[in-house]
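Me: I am new to this structure. Please take a close look at a single part and walk me through what surrounds it.

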Amino acid sequence: MTTTSSLTFQPVLERIAEEIARTPGRGRAADYIPALAACDPRSFGMAVAELDGTVYGVGDWREPFSTQSITKVFTLALDLAREGDELWEHVGREPSGNPFNSLVQLEYENGIPRNPFINAGALVVTDRLHSRSGDAAGELLSFLREESGNPDLAFDEEVAASEAAHGDRNAALAHFMAAYGNIDNDIPVLLDQYFRQCSVRASCADLALATGFLARHGIRADGTRLLTRSQAKQINAIMLTCGTYDAAGDFAYRVGLPGKSGVGGGIIAVVPGRCTLCVWSPGLDERGNSVAGVAALDRFTTLTGLSVF
């Protein structure tokens, strides 16, 4: 294990990449979104961003990929910064124990989603951000561009259209919550915002940098404060307990960091006060998390000793 005082990230990343390259069984790309199904499950990239914006990377770390549910972290931060604790009257903070697109709990919990990272909860957060900003997806994209320093980040219209064409379950979630008065905007408007949000393409480098405000306890790249220290702690806590769907317990056990995955194969992770990470490999396990991505983050915390435990 490397001590924090002598830590240099590049050799660690190179060692991890070498180990991952020798690993068989890398999972399957998401096939329920046709635009993602063609991704090579053996692609691999990983980046680490320090608090001052210094970035280290290996493999396909500058290759843009479909961020998918990773963006839920950023919309949550943007809405929490606006409305504070009122948000928690509309979405919970507990692990779901069910698949990310499940409708089961909404029936007996009166339309209040269990947490902001399952699809139902993310729809509520996007709805509330849209009511406050007038353009939730545009607000998200502007934030990601500014924090990453990459003005070329954009929506992938093909992916957004693909998700819209296969989005009946998300529509059902939205209509169900609207029946309980927990959705404010028209459902077609909300779904368009949500699908565009999930379609953003960004690289490991972009996302590691964009996540930096959570390692800086709420401070953005330009030195301004987005979140209070307490709010940044809250988001990191929910990432640890809910960020990898119904595999969050295993992720915490193996990795020991707040993290958020997406079915595009990306995972972001936070070492508060030290650095942020993003890893990408499109091959997924049965719970929708990148097989190589989880393994790489497991090795990172083992080799460096950097975790929240």
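Reply: Helices (H or I, at least four residues) and strands (E, at least two) are DSSP runs, numbered from the N terminus. T276 lies in one such run, strand β8 (residues 275-280). This is a predicted model: local features need pLDDT of at least 70, side-chain atom pairs count only at pLDDT 80 or more, and totals for chains, interfaces and linings use all residues. Residues are numbered from 1 along each chain as its sequence is written, and side-chain values use heavy atoms, with hydrogens and water left out.

T276 has a relative accessible area of 2% and is buried (under 20% relative accessible area; exposed is over 50%, partly exposed in between; 1.4 Å probe, protein chains only). Contact means heavy atoms within 4.5 Å. Leaving out residues up to four places away in sequence, T276 touches A47, V48, A49, A208, T211, G212, A215, A269 and V270.

G212 and A215, both touched by T276, bring in helix α11 (residues 212-215), where F213 lies. F213 is buried too, at 0% relative accessibility.

In short, T276 is a buried residue of strand β8, and the neighbours it touches include A47, T211 and V270.
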